[in-house]
Amino acid sequence: MQNLLPTLLDHDIGMLEIIARRWDVDLASLDKREAAEMLASAMLDPERARIEWGRLNDTERGALQMLLSAPDHKMTEAQFSRLFGEIRRMGPGRRDREKPHLNPANAAEALYFRGLLAITYDQAKTGAQRFVYVPTDLAAVLPTHETGFQVEAEPSPAYERGEYEPQTV
(Lines give C-alpha, C1' and ligand atoms only; values in the text may rest on other atoms or scores of the structure.)
Protein backbone atom coordinates (compact mmCIF):
# COMPACT_ATOMS: atom_id res chain seq x y z
CA MET A 1 0.00 0.00 0.00
CA GLN A 2 1.03 3.61 -0.11
CA ASN A 3 2.99 5.58 2.44
CA LEU A 4 1.64 8.23 4.80
CA LEU A 5 2.41 11.43 2.84
CA PRO A 6 0.49 10.41 -0.33
CA THR A 7 -2.32 9.17 1.92
CA LEU A 8 -2.53 12.52 3.70
CA LEU A 9 -2.42 14.40 0.40
CA ASP A 10 -5.60 12.54 -0.60
CA HIS A 11 -7.44 14.37 2.23
CA ASP A 12 -8.77 17.91 2.16
CA ILE A 13 -7.21 20.52 4.47
CA GLY A 14 -10.13 20.22 6.93
CA MET A 15 -9.46 16.52 7.41
CA LEU A 16 -5.74 17.20 7.83
CA GLU A 17 -6.60 19.67 10.61
CA ILE A 18 -8.80 17.08 12.35
CA ILE A 19 -5.98 14.52 12.27
CA ALA A 20 -3.43 17.14 13.35
CA ARG A 21 -5.47 18.04 16.45
CA ARG A 22 -5.47 14.37 17.50
CA TRP A 23 -1.69 14.26 17.11
CA ASP A 24 -1.14 17.65 18.85
CA VAL A 25 0.22 19.29 15.69
CA ASP A 26 -0.48 22.95 14.83
CA LEU A 27 -1.08 23.41 11.09
CA ALA A 28 -2.00 27.09 11.30
CA SER A 29 -1.53 29.02 8.04
CA LEU A 30 0.02 26.23 5.99
CA ASP A 31 -1.02 25.21 2.51
CA LYS A 32 -2.19 21.63 1.95
CA ARG A 33 1.19 20.24 0.85
CA GLU A 34 3.09 21.85 3.75
CA ALA A 35 0.40 20.73 6.18
CA ALA A 36 0.55 17.14 4.93
CA GLU A 37 4.36 17.11 5.12
CA MET A 38 4.39 18.53 8.65
CA LEU A 39 1.70 16.11 9.80
CA ALA A 40 3.41 13.10 8.19
CA SER A 41 6.68 14.04 9.87
CA ALA A 42 4.98 14.21 13.27
CA MET A 43 3.03 10.97 12.77
CA LEU A 44 6.16 9.08 11.73
CA ASP A 45 8.04 10.13 14.86
CA PRO A 46 8.24 6.93 16.96
CA GLU A 47 7.68 8.78 20.25
CA ARG A 48 4.57 10.54 18.98
CA ALA A 49 3.31 7.27 17.49
CA ARG A 50 3.80 5.62 20.90
CA ILE A 51 1.80 8.39 22.60
CA GLU A 52 -1.04 8.11 20.10
CA TRP A 53 -1.01 4.30 20.42
CA GLY A 54 -1.38 4.75 24.18
CA ARG A 55 -4.47 6.92 23.67
CA LEU A 56 -6.32 4.09 21.91
CA ASN A 57 -8.81 2.04 23.87
CA ASP A 58 -8.73 -1.76 23.71
CA THR A 59 -11.33 -1.98 20.92
CA GLU A 60 -9.50 0.53 18.74
CA ARG A 61 -6.14 -1.09 19.42
CA GLY A 62 -7.59 -4.52 18.57
CA ALA A 63 -9.02 -3.23 15.29
CA LEU A 64 -5.71 -1.67 14.35
CA GLN A 65 -3.79 -4.82 15.37
CA MET A 66 -6.01 -6.93 13.11
CA LEU A 67 -5.47 -4.58 10.17
CA LEU A 68 -1.71 -4.48 10.80
CA SER A 69 -1.57 -8.27 10.80
CA ALA A 70 -3.37 -8.54 7.44
CA PRO A 71 -1.29 -8.89 4.24
CA ASP A 72 0.01 -5.47 3.18
CA HIS A 73 -1.78 -4.00 6.23
CA LYS A 74 -5.06 -3.87 4.29
CA MET A 75 -8.43 -5.61 4.02
CA THR A 76 -11.60 -4.95 2.11
CA GLU A 77 -13.74 -2.20 3.55
CA ALA A 78 -16.70 -4.59 3.69
CA GLN A 79 -14.80 -7.09 5.82
CA PHE A 80 -13.33 -4.44 8.14
CA SER A 81 -16.73 -2.75 8.51
CA ARG A 82 -18.42 -6.01 9.52
CA LEU A 83 -15.89 -6.40 12.31
CA PHE A 84 -15.36 -2.82 13.55
CA GLY A 85 -18.13 -0.65 12.13
CA GLU A 86 -18.66 1.43 9.04
CA ILE A 87 -16.84 4.68 8.41
CA ARG A 88 -19.62 7.05 7.43
CA ARG A 89 -19.00 8.70 4.07
CA MET A 90 -19.42 12.44 4.09
CA GLY A 91 -18.00 15.41 2.32
CA PRO A 92 -16.24 18.32 4.02
CA GLY A 93 -19.46 20.33 4.51
CA ARG A 94 -21.36 17.55 6.24
CA ARG A 95 -18.26 16.56 8.21
CA ASP A 96 -17.86 20.14 9.44
CA ARG A 97 -21.55 20.35 10.43
CA GLU A 98 -21.86 16.95 12.13
CA LYS A 99 -18.30 16.72 13.54
CA PRO A 100 -18.15 12.89 13.58
CA HIS A 101 -14.54 13.06 14.78
CA LEU A 102 -15.78 14.37 18.13
CA ASN A 103 -18.16 11.45 18.63
CA PRO A 104 -17.10 8.54 16.39
CA ALA A 105 -19.75 5.88 15.85
CA ASN A 106 -17.32 2.97 16.23
CA ALA A 107 -13.68 1.94 16.42
CA ALA A 108 -13.23 2.21 12.65
CA GLU A 109 -14.28 5.86 12.64
CA ALA A 110 -12.13 6.65 15.66
CA LEU A 111 -9.06 5.23 13.88
CA TYR A 112 -9.95 6.98 10.62
CA PHE A 113 -10.21 10.41 12.24
CA ARG A 114 -6.90 9.82 14.00
CA GLY A 115 -5.27 9.20 10.63
CA LEU A 116 -4.26 5.67 11.63
CA LEU A 117 -6.11 4.12 8.72
CA ALA A 118 -7.32 5.26 5.32
CA ILE A 119 -9.55 4.07 2.50
CA THR A 120 -8.56 3.53 -1.12
CA TYR A 121 -9.56 1.61 -4.20
CA ASP A 122 -7.39 -1.32 -5.23
CA GLN A 123 -7.69 -4.39 -7.40
CA ALA A 124 -9.06 -7.57 -5.87
CA LYS A 125 -9.88 -10.92 -7.44
CA THR A 126 -13.35 -9.63 -8.28
CA GLY A 127 -12.19 -6.24 -9.64
CA ALA A 128 -11.71 -2.83 -8.05
CA GLN A 129 -12.85 -2.66 -4.44
CA ARG A 130 -12.55 -0.27 -1.54
CA PHE A 131 -9.88 -1.25 0.97
CA VAL A 132 -9.07 -0.01 4.46
CA TYR A 133 -5.31 0.16 5.09
CA VAL A 134 -2.58 1.44 7.37
CA PRO A 135 0.08 3.40 5.47
CA THR A 136 3.22 1.28 5.18
CA ASP A 137 5.66 3.69 6.83
CA LEU A 138 3.20 4.45 9.65
CA ALA A 139 2.75 0.72 10.32
CA ALA A 140 6.51 0.45 10.78
CA VAL A 141 6.63 2.99 13.65
CA LEU A 142 3.54 1.93 15.59
CA PRO A 143 4.48 0.15 18.85
CA THR A 144 2.34 -2.92 18.16
CA HIS A 145 4.04 -4.87 20.95
CA GLU A 146 2.41 -2.59 23.56
CA THR A 147 -1.04 -3.89 24.48
CA GLY A 148 -3.57 -3.87 27.30
CA PHE A 149 -3.30 -0.31 28.57
CA GLN A 150 -5.54 0.49 31.51
CA VAL A 151 -6.48 4.14 31.14
CA GLU A 152 -9.00 4.89 33.86
CA ALA A 153 -8.89 8.69 33.62
CA GLU A 154 -10.51 8.80 30.17
CA PRO A 155 -14.15 7.80 29.81
CA SER A 156 -14.91 5.19 27.19
CA PRO A 157 -16.29 6.45 23.86
CA ALA A 158 -20.05 6.80 23.44
CA TYR A 159 -20.23 3.84 21.05
CA GLU A 160 -18.73 1.53 23.71
CA ARG A 161 -21.13 2.76 26.39
CA GLY A 162 -24.07 2.14 24.04
CA GLU A 163 -24.96 5.83 24.08
CA TYR A 164 -24.31 6.60 20.43
CA GLU A 165 -27.38 7.10 18.33
CA PRO A 166 -26.71 7.59 14.59
CA GLN A 167 -28.35 10.62 13.05
CA THR A 168 -30.44 10.11 9.98
CA VAL A 169 -30.20 12.72 7.27
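Helix H6 lies across strands S1, S2 and S3, and runs at about 90° to S1. This arrangement comes from a predicted model. The sections below start with the overall make-up and then return to the sheet, to H6 and to several helices.

The secondary structure of the protein comes to 10 helices and 3 strands. From the N terminus on, the elements run α-α-α-α-α-β-α-α-α-β-β-α-α. The protein has 169 residues, and buried residues make up 44% of them. Contacts between residues at least 6 apart in sequence were also examined. Of these contacts, 61% join residues at least 24 apart.

The 3 strands form an open sheet. Their order is S1-S3-S2, and the pairing is antiparallel. S1 (74-76) and S2 are the edge strands, and each pairs on one side only. From one strand to the next, the twist averages 45°. Strands of a sheet pair through backbone hydrogen bonds, either parallel or antiparallel. Strand S2 covers residues 118-124 and strand S3 covers residues 127-133. These two strands pair in the antiparallel sense over 7 bridges. Together S2 and S3 form a hairpin, with 2 residues between them. Two cross-strand positions can be picked out. Ala118 stands opposite Tyr133 in S3. Thr120 stands opposite Phe131, also in S3.

Helix H6 spans residues 77-84 and holds both Phe80 and Phe84. The two residues are 4 residues apart, about one turn of the helix. An α-helix has 3.6 residues a turn, so residues three or four places apart point the same way. Phe80 has a relative accessibility of 0%, so Phe80 counts as buried. Phe84 has a relative accessible area of 16% and is buried because this value is under the 20% cut-off.

Aromatic pairs were counted by the distance between ring centres, with a limit of 6.5 Å. By this rule the count comes to 2 aromatic pairs. Phe80 and Phe84 form a tilted pair, at 5.1 Å centre to centre and with 45° between the planes. Phe84, as noted, is buried at 16%. The rings of Tyr112 and Phe113 have their centres 5.2 Å apart and their planes at 75°, so this pair is edge-to-face. The angle decides the label, because planes over 60 degrees apart count as edge-to-face. Tyr112 and Phe113 are both buried.

Helix H2 covers residues 13-22. Its buried residues are Gly14, Met15, Leu16, Ile18, Ile19 and Ala20. These residues pack against four helices: H1 (4-9), H3 (32-43), H7 (92-98) and H8 (107-113). Asp12 caps the N-terminal end of H2. A side-chain oxygen of Asp12 lies 2.9 Å from the backbone nitrogen of Gly14. Just after H2, Asp24 takes a positive phi of about 60°.

Asn106 lies in the loop between H7 and H8. At 11% relative accessibility, Asn106 counts as buried. The side chain of Asn106 reaches two backbone nitrogens. That of Ala108 lies at 3.1 Å. That of Glu109 lies 2.8 Å from a polar atom of the Asn106 side chain.

Helix H4 covers residues 46-55. Its buried residues are Ala49, Glu52, Trp53 and Gly54. The elements that cover these residues include H2, H3, H5 (58-69) and H9 (136-141). Val141 is found in helix H9. At 21% relative accessibility, Val141 counts as partly exposed. Leaving aside its neighbours within four places in sequence, Val141 is in contact with Met43, Leu44 and Ala49. Ala49 is one of the buried residues of H4. Val141 and Glu47 are 94 residues apart in sequence, but 8.8 Å apart in space, C-alpha to C-alpha.

Note on methods. Residues numbered from 1 in each chain as written. Predicted model: local features only at pLDDT ≥ 70, side-chain atom pairs only at ≥ 80, totals over all residues. Heavy atoms only, no water. Phe/Tyr/Trp six-rings, centres within 6.5 Å; stacked < 30°, edge-to-face > 60°. Buried < 20%, exposed > 50% of the residue type's maximum accessible area, 1.4 Å probe, protein only. Contact = heavy atoms within 4.5 Å. Polar contact = N/O pair within 3.5 Å; in protein donor to acceptor, adjacent residues only side chain to side chain. Pairing = 2+ DSSP bridges. Axes fitted to C-alpha atoms, helices over the stretch in contact; angles between N-to-C directions.
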